[in-house]
Amino acid sequence: MNTFIGVLIILWIFLILYKFRNKKPDTHQKTNKVKLNFFKKLQMLHFPIMVFFISIVLFDLMAIILLTQNYYFAFLKPTSFIIPSILTLLALFLVLIDLKPARFWALIITVLVMPILVPFAFIHLFVDLSNSYETVTSPDGKNILIIEHRDATLGETNHFYNIYKKKPLGLMKKLNDETIHIMTRGTNDSNLEVLGIDNTEWVEDNYVIFRSSYAETKVEFDY
């Protein structure tokens, strides 16, 4: 499940539940009145809450659109979706409080959401916090790469890497489709030494090659 899609699903569940709470299986005219009543209630939100809620939803949508093109916000990557999720849940509960729905609906939503969100959040937070980041700049200074790396040892050591290219506006683009994996045995070399960060070949603005005694890794600059 995509990071931000999971957050939006929570919003979607809330809106559906809230709609069904107000919906009466009557005529088409009554259904339209229910829809109008729902949006009128949204318009009744206090202005700061409405601005905060709309801003968070728009940010989530923008993040999803960027993610489909392998773009990430650099300042959010180390903690993955945790900050957006907290802000989205905060916006959701502020809306709940401001619209003053029945209390048991807030309880039901919490019961439905938490068993899904908490394990999902814990797993991703554990993985993301185990990542380290290193910045590498090409000799001409035109290309700045951010290397995300971690390792796991079970007899042999598995080294994992994702390579990002720094972009304007605080964005970075992931250059590798699949996580780069290098396996070693009985080495004291760091993840970056295993990748070959000190032995790189930059080929204009096309690609970079990392060379080490363990592997040769080519990363193309996909614009």
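Here is a short tour of this predicted model, stop by stop.

Residues are numbered from 1 along each chain as its sequence is written, and side-chain values use heavy atoms, with hydrogens and water left out. Because the model is predicted, local features need pLDDT of at least 70 and side-chain atom pairs count only at pLDDT 80 or more, while totals for chains, interfaces and linings use all residues.

**Stop 1: the core.** Select Leu145, Ile147, Tyr161, Ile163, Val208, Phe210 and Val219. Of the 17 residues in the largest nonpolar core, these touch the most other members. Such a core is a set of buried Ala, Val, Leu, Ile, Met, Phe, Trp, Tyr and Cys residues joined through side-chain atoms within 4.5 Å; buried means under 20% relative accessible area, exposed over 50%, and partly exposed in between, using a 1.4 Å probe and protein chains only. Helix 6 (191-195) is one of the elements that each supply at least two residues, and the largest share, 3 residues, comes from helix 6. Helices are DSSP runs of H or I with at least four residues, strands are runs of E with at least two, and both are numbered from the N terminus.

Now centre on leucine 145. Leaving aside residues up to four places away in sequence, its contacts include Ile163, Trp202 and Phe221, where contact means heavy atoms within 4.5 Å.

**Stop 2: strand 5.** Next, show residues 171-174. Leu171 and Lys173 point one way, Met172 and Lys174 the other way, and all are buried. Strand 5 runs antiparallel to strand 1, joined by 3 bridges, and antiparallel to strand 4, also joined by 3 bridges; two strands pair if DSSP finds at least two bridges between them. Which residue of strand 5 is the bridge partner of tyrosine 71? Lysine 173 is that partner, and lysine 173 is the bridge partner of lysine 165 too.

**Stop 3: positive phi.** Most residues other than glycine have a negative phi. In the hairpin of strand 4 and strand 5, with 4 residues between the strands, select leucine 169, whose phi is positive, near 65 degrees. Asparagine 70 also has a positive phi near 65 degrees; look for asparagine 70 in the loop between helix 3 (47-68) and strand 1 (71-73). Is asparagine 70 buried or partly exposed? At 30% relative accessibility, asparagine 70 counts as partly exposed. Then jump to glutamate 204, with phi near 45 degrees, in the loop between strand 7 (200-203) and strand 8 (207-211). Glutamate 204 is exposed, with a relative accessible area of 62%.

**Last stop: helix 3.** Finish on leucine 58, which sits in helix 3 and is exposed at 53% relative accessible area.
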